[in-house]
Amino acid sequence: MSALRGLPPVDTLAAEVDAPRALAVAAARAVLAERRAELLGGALGETDLGARARAWAADVTRPSLRRVLNATGVIIHTNLGRAPLAAAAREAVARAAEGYGNLELDLVTGERGSRHIHVEALLCALTGAEAGFAVNNGAGAALLATAALAGVGREVIVSRGQLVEIGGGFRVPDVIAQAGARLVEVGTTNRTRVDDYSRAVTADTAAILRVHQSNFRQLGFVEDVGVEALCELGVPVIDDVGSGALDALYDEPAVRRSVAAGAALVCFSGDKLLGGPQAGLLVGRAEAVERAKRHPLARALRIDKLSLAALEATLRLHRDAPDEIPVLAMLHASREVLLTRAERLAAALPGAEIIESVARVGGGALPLLELPGPVVALPDASLAPALRAGDPPLIGRVEHARLLLDPRTLADDELEATIAAVKPHLRGQTP
Ligand SMILES: *Cc1c(COP(=O)(O)O)cnc(C)c1O
């Protein structure tokens, strides 16, 4: 009882917490309640209540969504937020967040404008399309394209080889059902020919949907139909390209190619394909794009101003300075650059050695593309949970019971933080 009576008043303990008053009081109350329960449970000994209250306050104020050091080598890592934004895109987000903006105001006429104009000309210039706009994400773009062109009860033809699941439950047959359209399957899992499509076209056919297989590949006895041949069938073609580089450097389906072939709508992902913010892009024929813009789902899926600001800035970089887009810089990083980073890490981390390994792009993008390069190997993979629990958390790649730190996905200005995160855990491990 005397121990209970010896507990400080809430205000006294709160004064020891350097935080806004409401938070300090909450911390003091929580820690006093904990301590009372401990004492009633028979706890003996001293405890530093001030330190506990400060720790409590620090814990509840730490953001849930935090910066993480990505040492996995997976460039488009969906669990880690996919694409780090370029400096220009980050600045655009900050400007858009700070004050009001002309999101939907035409500054010349003073009338209501459209949020789409901020990116439409850039999208057209980069892809060769007549028109285009952005929605919330790639899955939304595919759903909207199907709903807008097919609508309720009409038929959408899809190859059986493209009835895929992208991840997160995004399955092509479900998307078509959600759009209200009827799926007409053609061909087989491994082979679909242009005749399969042309035989399936009826008066009810609204569109042919082509879907990039994204996160897997079929090899061997495989055949599919190019977008050009599909566009010659006289039916609007929706091409869900998803990911892949705009410059077609990496054997990915290029948006430009589908646009040039005459696809009605080409859908792709703002982070996976552009290295920009989460967004879904629709580009193509003016009339088809207009239908998509006017569809009620377009309102439900509309992009917000922060993403739009980042997207505009990222599209400008694709036009003017693609090297400044972090995802592209990581894809193209030279061996020299990677080795310099690896050497800096290895020199500072006792027991670490540089070995050769292979990174992947990730995110359903370029699944077969291997990115060989030097990585830093730590001898003991059991460090992984402790590094994840750090501040900032560091995520590596476990391979053959070693923990690899891949310099490809660490920026130069993240190396010091990486060393600081890892080093304390290595002490005592080395001879
Ligand atoms: C990734 C992907 C999507 C979904 O895009 P998100 O931006 O992740 O919503 C849709 N279709 C294809 C082919 C994809 O690869």
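Which helix does Pro326 lie in?

Author: Pro326 lies in helix α15, which covers residues 326-332. (Helices here are DSSP runs of H or I with at least four residues, strands are runs of E with at least two, and both are numbered from the N terminus.) Before we go on, keep in mind that this is a predicted model: local features need pLDDT of at least 70, side-chain atom pairs count only at pLDDT 80 or more, and totals for chains, interfaces and linings use all residues. Residues are numbered from 1 along each chain as its sequence is written, and side-chain values use heavy atoms, with hydrogens and water left out.

So what's around Pro326? Leaving aside residues up to four places away in sequence, Pro326 touches Pro84, Leu85 and Ala86; contact means heavy atoms within 4.5 Å. There's also Gly275, which is 51 residues from Pro326 in sequence, yet their C-alpha atoms are 7.3 Å apart.

Gly275 leads us to Thr314. Thr314 sits in helix α14 and touches Gly275 along with Ala89, Leu274, Gly276, Pro277 and Ile325, again not counting residues up to four places away in sequence. Thr314 counts as buried because its relative accessibility is 2%. (Buried means under 20% relative accessible area, exposed over 50%, and partly exposed in between, using a 1.4 Å probe and protein chains only.)

Now zoom out to α14 itself. It packs with helix α5 (residues 87-98) at an angle of about 150 degrees, and the two axes are 8 Å apart. An axis is a line fitted to C-alpha atoms, for helices over the stretch in contact, and angles run from 0 to 180 degrees between N-to-C directions. That's why α5 and α14 are roughly antiparallel to each other: the label goes to angles over 145 degrees, while under 35 is roughly parallel, 65 to 115 roughly perpendicular and the rest oblique. Their crossing is right-handed. (Right-handed means the near helix is turned clockwise from the far one by less than a right angle; anticlockwise makes it left-handed.) On the α5 side, the contact is made by Ala88, Ala89, Ala92, Val93, Ala96 and Ala97, and on the α14 side by Lys305, Leu306, Ala309, Ala310, Ala313, Thr314 and Leu317. Sorted by type, that's 11 nonpolar, one polar and one charged. (Nonpolar covers Ala, Val, Leu, Ile, Met, Phe, Trp, Tyr, Cys and Pro; charged covers Asp, Glu, Lys and Arg; the others, Gly among them, are polar.)

Helix α6 (residues 117-127) is mostly covered, with eight of its 11 residues buried. Among them are His118, Glu120, Leu123 and Cys124. Just after α6 comes Gly128, with a positive phi of about 80 degrees.

One of the residues to look for is Val156, whose bridge partner in β5 is Ala207.

Finally, step back to the whole chain. It has 18 helices and 13 strands, and its C-alpha trace spans about 90 × 55 × 45 Å along the principal axes. Buried residues make up 47% of the 431 residues. Of the contacts between residues at least 6 apart in sequence, 72% join residues at least 24 apart.

Methods
Two strands pair if DSSP finds at least two bridges between them.
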